[in-house]
Amino acid sequence: MPYQNKKYMKHLSKLIITVALLQTPLHLIAQTNQFLLNKEWSTQFGFPFSFNRASSELDINDNLITVSHSKNSNDKAVLLLAKIDSGGQIIWDETFSLNIDNHTYGIDLALDVTGNIYITGTGNSSPSGQGNLAFIILKYDPDGNLLWQTTVEGAVNGDDIPVGIAVASDNRVYVTGVARGTSNTLDYLTVCLSGQNGNIVWTNAYNYNNLDDVPTGIKIGFGGQVVVTGGSGTSITNWEIATVSYDALTGLQQFENRLSNNGFGISIPSAFETAPNGDVFLTGSSVTSSTAFNIRTVKINGTNFITS
């Protein structure tokens with residue numbers, strides 16, 4: 001079974017289990033599966049503050065890889081990467097900083113099939129502290145050795161903050177985040193890098209109507225497309241869920257899907273997955289009135305990117 005199919009089936013299995021649990025009386029769950037709630041171990045590391053973003057993945061040996069941040073001796077945030085075994089013991093931990101006098105944060109991570117670790121975060125390399133935040137992309141080997149580092153900045157001067165990273169089967173690395181664009185509004189900035197050396201292969205920015213667009217996630221589609229979703233303004237007071245796909249090799253935008261919320265309020269996706277046939281399933285919040293929100297789950301056809 002291809003690697004992408006395995007990931008899809010894993011997420012589908014989680015969904016089925018969740019639905020089954022929701023349909024089971026709570027007192028039966030407590031009586032029959034109480035052992036599931038017993039804590040087996042806990043591990044504490046790092047001293048995070050002020051920016052509470054973190055991400056974790058299991059590697060091929062069931063070790064937990066976690067990225068977040070800690071504090072250095074100058075009371076500045078440093079990116080913190082740790083590998084923890086299945087018994088809760090820290091195998092190794094590594095820190096990274098663009099500049100010891102400025103903050104550097106870890107945001108998301110992804111693994112390739114051989115266990116290499118790809119990190120994205122944000123930081124400021126200016127010694128004066130007056131510069132802006134930039135995307136940081138790092139590659140570590142399974143033993144915690146840094147193999148390469150790359151920084152990416154948006155089209156104009158401003159803070160650029162990634163939200164997600166994905167690695168394709170050919171080890172190309174894809175990162176998306178929010179960046180200040182040429183219209184001085186926020187854009188989806190999506191970047192492709194070589195997994196071998198971190199060189200930038202292509203970049204593409206999504207801007208709708210010269211208003212703010214803020215991505216929330218990125219996935220590799222089964223057909224080779226790169227899929228990004230987020231919230232996108234149609235006016236100052238109205239945001240829609242906007243999902244776009246790019247050709248993985250060239251970066252050219254292939255499709256765009258916008259989910260209307262009747263011209264009122266803010267709708268934001270919170271999670272999404274791509275199916276083996278290229279279909280996209282996403283869920284998020286959708287405005288229904290001035291005081292009410294609904295949970296909205298949508299299927300986007302992978303062939304023509306039309307909402308089913």
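Are tyrosine 174 and tryptophan 202 buried or exposed? Both are buried. Buried means under 20% relative accessible area, exposed over 50%, and partly exposed in between (1.4 Å probe, protein chains only).

## The model and its confidence

This is a predicted model, in which local features need pLDDT of at least 70, side-chain atom pairs count only at pLDDT 80 or more, and totals for chains, interfaces and linings use all residues. Residues are numbered from 1 along each chain as its sequence is written, and side-chain values use heavy atoms, with hydrogens and water left out.

The pLDDT is the predictor's confidence in each residue, from 0 to 100. Its mean over the protein is 84, and 81% of the residues reach 70 or more. Residues 1-35 have pLDDT below 50; this stretch has 16 contacts in the model beyond near neighbours in sequence. Where pLDDT is low, the predicted coordinates should not be read in detail.

## Overall build

The protein holds two helices and 20 strands. Helices (H or I, at least four residues) and strands (E, at least two) are DSSP runs, numbered from the N terminus. Of the 308 residues, 44% count as buried.

Contact means heavy atoms within 4.5 Å. Among contacts with a separation of 6 or more, 48% are between residues 24 or more positions apart.

## Aromatic pairs

The structure holds five aromatic pairs. Rings of Phe, Tyr and Trp (its six-membered ring) pair if their centres lie within 6.5 Å; planes under 30 degrees apart count as stacked, over 60 as edge-to-face and the rest as tilted. One of the pairs joins tyrosine 174 and tryptophan 202. This pair is tilted, at 6.0 Å centre to centre and 50 degrees between the planes. Tyrosine 174 lies in strand E10 (residues 173-180) and tryptophan 202 in strand E12 (residues 200-206), so the pair ties together parts 28 residues apart in sequence.

Tyrosine 188 and tyrosine 206 form another tilted pair, with 5.0 Å between centres and 45 degrees between planes. Tyrosine 188 is in strand E11 (residues 186-193) and tyrosine 206 in strand E12, 18 residues apart. Tyrosine 188 is buried, at 0% relative accessibility. Tyrosine 206 is buried too, with a relative accessible area of 4%. Ring pairs also link Tyr174, Trp202 and Tyr246 into a cluster.

## Aspartate 213 and arginine 258

Aspartate 213 belongs to strand E13 (residues 213-220). What is the nearest side chain of opposite charge to aspartate 213? The answer is arginine 258, 4.9 Å away. Lys and Arg count as positive and Asp and Glu as negative; His and the chain ends are not counted. Aspartate 213 is buried yet has no salt bridge. A salt bridge is a side-chain nitrogen of Lys or Arg within 4 Å of a carboxyl oxygen of Asp or Glu.

Leaving out residues up to four places away in sequence, aspartate 213 touches residues including Tyr188, Tyr206 and Tyr208. The charged end of arginine 258 sits over the ring of tyrosine 208, 3.5 Å from its centre. A charge sits over a ring if NZ of Lys or CZ of Arg is within 6 Å of the ring centre and within 35 degrees of the ring normal.

## Salt bridges

The whole structure has five salt bridges. One of them joins glutamate 273 and lysine 219, with the closest N and O atoms 3.4 Å apart. Glutamate 273 lies in strand E18 (residues 268-274) and lysine 219 in strand E13, so the pair ties together parts 54 residues apart in sequence. Glutamate 273 is partly exposed at 23%, and lysine 219 is partly exposed at 25%. Lysine 219 also lies over the face of phenylalanine 272, at 6.0 Å from the ring centre.

Aspartate 279 and lysine 299 meet in a salt bridge of 3.5 Å, N to O. Aspartate 279 is buried, with a relative accessible area of 7%. Lysine 299 is partly exposed, at 32%. Lysine 71 bridges to aspartate 75, with the closest N and O atoms 3.8 Å apart.

## Leucine 79

Leucine 79 lies in strand E3 (residues 77-84). Its relative accessibility is 0%, so leucine 79 counts as buried. Leucine 79 and glutamate 94 are 15 residues apart in sequence and 8.2 Å apart in space, C-alpha to C-alpha. Beyond neighbours within four places in sequence, the contacts of leucine 79 include Glu94, Phe96, Tyr105 and Leu138.
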